[in-house]
Amino acid sequence: MSTAITLPYAKRTLPNGLDVIVHEDRRVPIVAVNLWYHVGSKNERPGRTGFAHLFEHLMFEGSEHYNGGYFLPLQQAGALLNGSTNSDRTNYWEVVPTSALELALWMESDRMGYLLPALTRERFETQRGVVLNERRQNYENRPYGMALMALSAALFPPDHPYHWLTIGDAEDLRAMEFEDVRSFFRTYYHPANASLALAGDIETERGFELAEAYFGEIPGGEKPASVHADASVAREVRLVLEDRVELPRVYMAWHAPAMFAEGDAEADLLADLLANGKTSRLYRTLVYDKRMALDVSAYQHSREISSFFLLASTAAPGQSLTEITSLIDERIQQVADEGPLDEEMERGLAQAEAHFMYRLQTVGGFGGKSDQLNAYNVLRGDPDFFADDLARYRKATRDSVRANARKYLAFDRRVVLSIVPRGQTALALPGSETVSVS
Amino acid sequence: MITRVDRSRLPALGPDPVFRFPDIAHHTLGNGLKVRTVEHPGVPVITFVMQIDGGLGADSAGREGLAAMTADMVDEGTGSLSAIDVSDALARIGGEYDVEVGADATTFTLTTLTPFAGRGAKLLSEMLTAPTMRDADFERVRQLRLDRLRQLKDLPPAVAERAFLRLLYPSHPYGHLAIGTDVALRSVAREDVVRFHAATFLPWRATLIVVGALSHAELLTVADHAFGNWTGEERVLDLPSSAADFVADIATSPQLAVVPREGAAQSELRLGHLSARRNTPDYPALLVMNAILGGQFVSRLNMKLREQKAFTYGVRTGFDWRRGIGPFSVQTSVHTAATAESISDALTEMSDLRGGRPATAEELSIAQASLTRGYPRNFEIAQQVARSVGQLALFDLPDTYFEEFVPKVNAVTAADVTRVAQTYLDPGRAIALVVGDRKATEDSLNGLGFAEMHVLPPAG
């Protein structure tokens, strides 16, 4: 495949500091409005975790000039909309028919400029309740739902911003004070800490004019200082967590290169060749040949400050996590010693190239073109990274992938978590320390 | 110079964009395979959708899970290619392969880049028409599905779906999940799968939809080269009868059932009853009615249970459309302490829409607008277009369907909403299912006024 894969755009920065990016794609009469605020759970502090995400909920409750639910006028105009918070950023998006572009810009700019006058204690309390339900539904009441919480807590020290998950601690959520909302908004929700991307049925100059008209009047603030923190694991940490599950599962996590850093793409390719699809080394061994496991997965969880490489496998009934782990270790050692085969590199690249192309199919939503332009702009400081992003994969070699496995997937610098059915801690890897998360 | 934005009112909307669905070209290959092609220029991507009549509804009693098991064997080897080789071949063209076993049909989807169109089609054809079905692969796949079933016991939404279908369809081929049941899967033999494949994977029972950045003629050539020689099994076999033709027993009184899940942080709820077929002429009115009741964020039920009471992260209502009669249901997961009140609120909202508190003009216009104004975005990606054309084939809808959708929805009146709510919603025969902590909810559930509470076997 040598088809050119490009994502053309134009960018300007308004005097108040708001970055505006426009990408034209006139095939369907829709426009994606995508707004990133460079704030996430990494900007929280211990004792108040979960605040960035709770705040995202409040952004849908009304602003000064439209003091009602955010969904109503937009859904009535045919918009699809949502928002999400992760450790690094909070994003908000609408995909609107071209006829409703100004409405979406009006609504987004109103909550950026004029949120606080509409915010009441009552709305705050309701959304705190909704978020506690979200936590129960997606974490507490879901099998293996607490795994990432336990792993993150062990990978990162208590004062590291990745020590906690974005959903936050339930006690912290209950302890939130309404008064904290104001300073959080003033610190992080202003043009200089945001990036707006418009993609779709919009002429570029018109896009800039509209962005200036709706957002230009909002005063810029001070760009928050970026967050730095270090973390390392100096030994193999073994943990066990009991859960309401039928079958035990083992997780392994290692520190890995930050998003877009040297070695990040290699780690991604490594995850694929280890555990993506039947051809992958671990699937083939554990699930296909030996039938010891029901599944195996691996991925490079790329993030701004630092990443982690995560591997997981669920034991087939009657099979032991110890044996599964020793086979996993054997296969990792093999890649670290010999590197991947040429055919594995070819296959990995073919998949990466196809996925870059698939990402160009849609203008909006999570992962669509508008979201990607903002990701590059906010996390790289420049939206012009699509081709370079792909080039990282094209540049990877057998040697660079092998070096990556050697450097990062060390057995004596990882967290290994066994999740076992309640009352059956004997099924965990030997020497595992009981961990409790709630 | 830019004028200041007027924040005293929301900006007016521009005129609604005109929506044109691309032309669908119809072809029939010599072997009887129906082919539909749609040109989708732009990104060099092509999607194949093969839709084969007979989904989970074709499972015979005692063989629940057979259709899904058969579908699963499709990527487990063909000709000289082993299961591993198939996976490798798909990866080398960056292929995204997916199988969906629906109530009335099984749908295989392959997306790849247009330079790989011919290779992708050939591979898909070999997989579908000549799966090897080796014993060892069959045993492995069946065991994986049995283990998966075991894991689903830990997953409250899956437990709820499964129990709810059985309550809705006590003796009907729609009354199970595609994955089937433990007992049935254990009794399925490789020969059953071979026979089911031979009886259902036949060119004249299938529709192939090809959508991509090529011309109709090129798309047809790709399809014909790959699938033109497919003959299907020539022996005469028992064709499964259509599940849509089975008569369903319709419940006549309300029921309450609980699947105990001690210590659960939330209660998973389902509430509803059998209601409508996809081809009902009331379809547009039912969509509008559903949007008002619980089909969108600003619906009555979500505003009450999430935004006013904070009982849940979200609640949705919807129709599970099938060729035969399908259910209307409320779906949510609520804080344990809010279980009974959530059920009671949902029943009240269903009942109110039937007349006590009919749809207002504003609710009607919000529902219509949200269904119609954003309609074009449903057809942005090749795969969306291909699956949409698949729906036309599945439900015998005309090619003009998508362009008629917007005017038909906009023609729905408030009186229509009340009428379809009266006809298709009936709290008097609703089935309420709770997957949750029995002890913590029992007293309040008993206060709801159901004649009795059926306690089903625990989830896990």
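**Chain B and its contact with chain A**

In the predicted model, 59 residues from chain B and 66 residues from chain A make up the contact between the two chains. On the side of chain B that touches chain A, the elements giving two or more residues are the helices α2 (83-92), α4 (135-152), α10 (300-308) and α12 (361-372), together with the strands β11 (312-319) and β12 (326-335). Sorted by class, this side of chain B has 29 nonpolar residues, 15 polar residues and 15 charged residues.

The secondary structure of chain B as a whole consists of 16 helices and 14 strands. Along the principal axes, the C-alpha atoms of chain B fill a box of roughly 70 × 65 × 40 Å. The radius of gyration of chain B is 24 Å, which agrees with a compact globule, because a globule of 460 residues would have a value near 23 Å. Of these 460 residues, 52% count as buried. When contacts in chain B between residues at least 6 apart in sequence are considered, 82% of them join residues at least 24 apart.

Helix α9 of chain B covers residues 283-295. A straight helix of its 13 residues would reach 18 Å at 1.5 Å a residue, but the end C-alpha atoms of α9 in chain B are only 14 Å apart. A residue counts as buried if 20 or more other C-beta atoms lie within 10 Å of its own. By this criterion 13 of the 13 residues of α9(B) are buried, and the helix is therefore largely enclosed by the rest of the structure.

Terms used:
Residues are numbered from 1 along each chain as its sequence is written. Chains are lettered from A and ligands numbered from 1 in the order in which they are written. This is a predicted model: local features need pLDDT of at least 70, side-chain atom pairs count only at pLDDT 80 or more; totals for chains, interfaces and linings use all residues. Helices (H or I, at least four residues) and strands (E, at least two) are DSSP runs, numbered from the N terminus. The radius of gyration is taken over C-alpha atoms; the globule rule is 2.2 Å times the number of residues to the power 0.38. A residue is buried if 20 or more other C-beta atoms lie within 10 Å of its own, exposed if 12 or fewer, and partly exposed in between; C-beta atoms are placed from the backbone. Two residues are in contact if their C-beta atoms, placed from the backbone, lie within 7 Å. The expected span of a helix is 1.5 Å times one less than its number of residues. Ala, Val, Leu, Ile, Met, Phe, Trp, Tyr, Cys and Pro count as nonpolar, Asp, Glu, Lys and Arg as charged, and the others, Gly among them, as polar.
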